[in-house]
Amino acid sequence: MENTLGLEIIEVVEQAAIASARWMGKGEKNTADQVAVEAMRERMNKIYMRGRIVIGEGERDEAPMLYIGEEVGICTRTDAKDFCNPDELIEIDIAVDPCEGTNLVAYGQNGSMAVLAISEKGGLFAAPDFYMKKLAAPAAARGHVDINKTPTQNLKILSECLDRAVEELVVVVMDRPRHKELIQEIRSAGARVRLISDGDVSAAICCAFAGTNIHCLMGIGAAPEGVISAAALRCLGGHFQGQLIYDPEVVKTGLIGESKEGNIARLKEMGINDPDRSYNAEELASGNTVLFAACGITPGTLMEGVRFFHGGARTQSLVISSQSQTARFVDTIHMFEPTKTLQLR
Ligand SMILES: O=C(COP(=O)(O)O)[C@@H](O)[C@H](O)[C@H](O)[C@H](O)COP(=O)(O)O
Ligand SMILES: [Mn+2]
Ligand SMILES: [Mn+2]
């Protein structure tokens, strides 16, 4: 999968990031999102694959493009037999967030990216459009920290695993009213909190890399983003756990169905009978092969953002593979037209 799709998926996230970056700082989050979706879809449909979106821009009725269940790739076309032998290709499941951090792009803030994860059919948890309580931490803490323990307990475990004082730990938390007590507890335990307005996928992945000065992600964000984060953390050997949050009273912001009871019923219909179950990275991204790709839209801790120059642009992406056990940072110059100069850095 990596050999045939590795370079293709880099181009998919690069194209989405470039399209969205043109709307950076324009205050129009929907446009920044829409153009990323269109670019991602267009590039995906040039790949010789049989792809299916399992995490996308919502249900077909609400989202005209990259909706859950949408088939992508040349080999899903009705005339596919003219181009390839679809029977020879394995079916691929794809989780996408073409513009992760639409507000960040619209307001010219750091940390947005175009992102996707792929696996063979059934290899990614088809998370409902719910919220998710998340815990991400470095590989050294994998299986030691636990989402069912208190933040205080987890910080103590993390400090032992990383051989550093709790005071030397930095925990990323989304700046939301629902996290008031969580933030208080982390601070009381002695750790430091980095509040982010958006973009918890990037924060989760940062936990796996020493040098980011981010050691843990705690709190509630969106469930689809949780699966994408889990795919990356699984490939990196880091710790990730997620627990679906279905109670609007807990979430406090955002849309999450009408009622707790209604949401539990919806989960049952989807075959999720234990709504309180916590999932680890290997359960959320369970496929034999998992590939993850992200490209910075605005600058971030992991990647540079898109930089335009006369006739071109430069992008930085991160591709992570469970197959080759690699995390590749890919730096690309895109030449849209004959350029006067090519910028080395
Ligand atoms: O910040 C985020 C926004 O994602 P997007 O809509 O693709 O730009 C995500 O990283 C968060 O995980 C999540 O979507 C957010 O926590 C849910 O929104 P909110 O109700 O404001 O907390
Ligand atoms: Mn997102
Ligand atoms: Mn998005």
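Strands β3 (91-100), β5 (131-137) and β8 (216-222) each give at least two residues to the shell around ligand 1. β3 supplies the largest share, three residues. Strands here are DSSP runs of E, at least two residues, and helices runs of H or I, at least four, numbered from the N terminus.

This is a predicted model: local features need pLDDT of at least 70 and side-chain atom pairs pLDDT 80 or more, while totals for chains, interfaces and linings use all residues. Residues are numbered from 1 along each chain as its sequence is written, and ligands from 1 in the order in which they are written.

The shell divides into four nonpolar, six polar and eight charged residues. Among the 18 residues around ligand 1, Glu100, Thr102, Tyr131, Arg178 and Asp200 come nearest. A residue counts as near if one of its heavy atoms lies within 4 Å.

| Residue | Protein atom | Distance |
|---|---|---|
| Thr102 | backbone N or O | 2.8 Å |
| Glu225 | polar side-chain atom | 3.3 Å |
| Thr253 | side-chain N or O | 3.0 Å |

Taken alone, ligand 1 exposes 510 Å², and the protein buries 80% of that. Areas come from the Shrake-Rupley method with a 1.4 Å probe.

Which residues coordinate the manganese ion (ligand 2)? Asp97 (OD), Glu100 (OE) and Glu225 (OE) do, at 2.0 to 2.1 Å. Donors are N, O and S atoms within 2.8 Å of the metal (3.2 Å for Na, K and Ca); water is not among the atoms, so sites may look incomplete. The donor spacing in sequence is D-x2-E-x124-E. Glu100 in strand β3 and Glu225 in helix α7 (residues 223-236) are 125 residues apart. Asp97 bridges the manganese ion (ligand 2) and the manganese ion (ligand 3), which lie 3.6 Å apart.

Technical notes: Side-chain values use heavy atoms; hydrogens and water are left out. A polar contact is a pair of N or O atoms within 3.5 Å; within protein, one must be able to donate a hydrogen and the other to accept it, and residues adjacent in sequence count only if both atoms are side-chain atoms. Ala, Val, Leu, Ile, Met, Phe, Trp, Tyr, Cys and Pro count as nonpolar, Asp, Glu, Lys and Arg as charged, and the others, Gly among them, as polar.
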